[in-house]
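Student: I'm new to this one, so please pick a single spot to start from and look at it closely. Then carry on from there in one go, and tell me what the terms mean as you use them.

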Amino acid sequence: MRAGHPWLFASSIREVNREGRAGDPAVIFDRKNRFLAAGLWDPEGPIRVRILVTGKPAPIGAELFRRLVADAVTLRRPLLDDPATTGVRILYGESDGFSGVVADLYGEHLVVKIYSPAWIPRLPELAEALEAELAPRSILLLAARRVAQEPAVVLGEFPADETLPFVEAGLHYEAHPIQGHKTGFYLDQRDNRARLGQLTGPRVLNVFSYTGGFSLAAAAGGATEVTSLDVSEAALAQADRHFELNAHLPAVAATRHHTLRGDAFEAMEGLARSGTRFDTVVVDPPSFAKEARQAAGALDQYGRLTRLALRVLAPGGLLLQASCSSRVSAEDLFLRIHQVARDAGRPLEEVDRTGHPLDHPVRIPENAYLKALLARAP
Ligand code: SAH
């Protein structure tokens, strides 16, 4: 904590002078009774205190939040100043000094997601800070599963159709915060989508496509035939909708978009058997390791996916394989992908390794989760 880590685990607390309620300010002293840090109390969380202040004491409240939000906005200025991109993560938890909070801007609407009930009593001050900096038309509150909190509108008017339109690199997308994953869209893949747009071949398979972010980026980049593969019917319907929304763009209009519903492993096996080949394969699965002890199993899954992807990838084709498991390191992932490719007799030639985009800064190791390898297979 002295080095600035913003989590105080319940297991490392020696003594509490009185029980607090969720969101009460908690002041932490060391063994010699010197001030260490201050944060928000979470009576049931394994992370018992979400630390917001270290070094010297300072009040937790509107002023601190305003300063932190202003810093976060400054960091993202290059993105916020680009009119072709209006989907931007404004707060990325600990990395922006807001342990347990993320906030994503979709056009003129903000979606805030909290991962600790400690933030509930602090919402008015947080909303005020966000409003002062960004003047959004609405702020929708979402909460992680362990926080007993239904989606709630904390500012302005959230659209009745629960859809937030935004653009990225000039492409039109829709986020569905209430029905969708995360806050409604995977903003974290923005740079990888752009990279795919530059590198894509004509026939593309997008595995774990969700709402087709990579599919659309490939289409805009010149792909002529794109297959979105996912187990979720709703996600595939939204992927089709994303193509419709961009049909005014000649490159997108010229692309045939197919949706394939099913289990990724089985469907890729089926495609391989039927001799279907693609020039580009994107594999961006959900997290396979929620806990450290699942990391080895997750690596095996990534390896299986690499093997399957190579079976449907044409010679000279491009593989984009990503992982969002924070428990699996980039080094281990890339090693495994290369190993599997070598074993398959198709040693990969790396094009790029990517990590976090500007609006998902990494200030503590636990916040690093995203990595991707772009490589060509002989
Ligand atoms: N690549 C996406 C994000 C992927 S999220 C993007 O850039 O937006 C993970 C997706 O995997 C979800 O849409 C989920 O429905 C899908 N999924 C999870 N398990 C699956 C499986 N076994 N087979 C196919 N799809 C699966």
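Tutor: Asn33 sits in the loop between strand 2 (25–29) and strand 3 (35–41). Asn33 isn't a glycine, yet its phi is positive, at about 65°. With a relative accessible area of 62%, Asn33 is exposed (exposed means over 50%, buried under 20%, partly exposed in between, using a 1.4 Å probe and protein chains only). Keep in mind that this is a predicted model, where local features need pLDDT of at least 70 and side-chain atom pairs count only at pLDDT 80 or more, while totals for chains, interfaces and linings use all residues. Residues are numbered from 1 along each chain as its sequence is written, and side-chain values use heavy atoms, leaving out hydrogens and water.

Now hop to Ala169, in the loop between strand 10 and strand 11. Ala169 also has a positive phi without being a glycine, about 45°, and Ala169 is exposed at 59% relative accessible area.

Which residues form the aromatic cluster? They are Tyr106, Phe166, Tyr173 and Phe185. Rings of Phe, Tyr and Trp (its six-membered ring) pair when their centres lie within 6.5 Å; planes under 30 degrees apart are stacked, over 60 edge-to-face, and the rest tilted. That rule gives eleven aromatic pairs. Phe166 and Tyr173 have ring centres 5.7 Å apart and planes at 20°, so they count as stacked. Both are tucked away: Phe166 is buried at 3%, and Tyr173 is buried at 1%. Phe166 also pairs edge-to-face with Phe185, 5.1 Å centre to centre and 75° between the planes. Phe166 belongs to strand 10 (residues 164–168) and Phe185 to the loop between strand 11 (171–175) and helix 4 (190–199), so this pair ties together parts 19 residues apart in sequence.

Tyr173 leads us on to helix 4. Arg193 lies over the face of Tyr173, 6.0 Å from the ring centre (for a charge over a ring, NZ of Lys or CZ of Arg must be within 6 Å of the ring centre and within 35 degrees of the ring normal). Arg193 is one of the buried residues of helix 4, along with Arg190, Asn192, Leu196 and Gly197. Looking down the axis of helix 4, these buried residues fall within an arc of 165°, so they line one face of the helix; the arc is taken from the directions running from the helix axis to the C-beta atoms.

Last stop, the ligand. It is surrounded by 14 residues, with Phe208, Asp230, Asp263, Ala264 and Asp284 the closest (a residue is near if one of its heavy atoms lies within 4 Å). A polar backbone atom of Phe208 is 2.9 Å from a nitrogen atom of the ligand, a backbone N or O atom of Val231 is 3.2 Å from a ligand nitrogen atom, and a polar side-chain atom of Asp263 is 2.7 Å from a ligand nitrogen atom. On its own the ligand exposes 580 Å², and the protein buries 88% of that; these areas come from the Shrake-Rupley method with a 1.4 Å probe.

How values were computed. Helices (H or I, at least four residues) and strands (E, at least two) are DSSP runs, numbered from the N terminus. A polar contact is a pair of N or O atoms within 3.5 Å; within protein, one must be able to donate a hydrogen and the other to accept it, and residues adjacent in sequence count only if both atoms are side-chain atoms.
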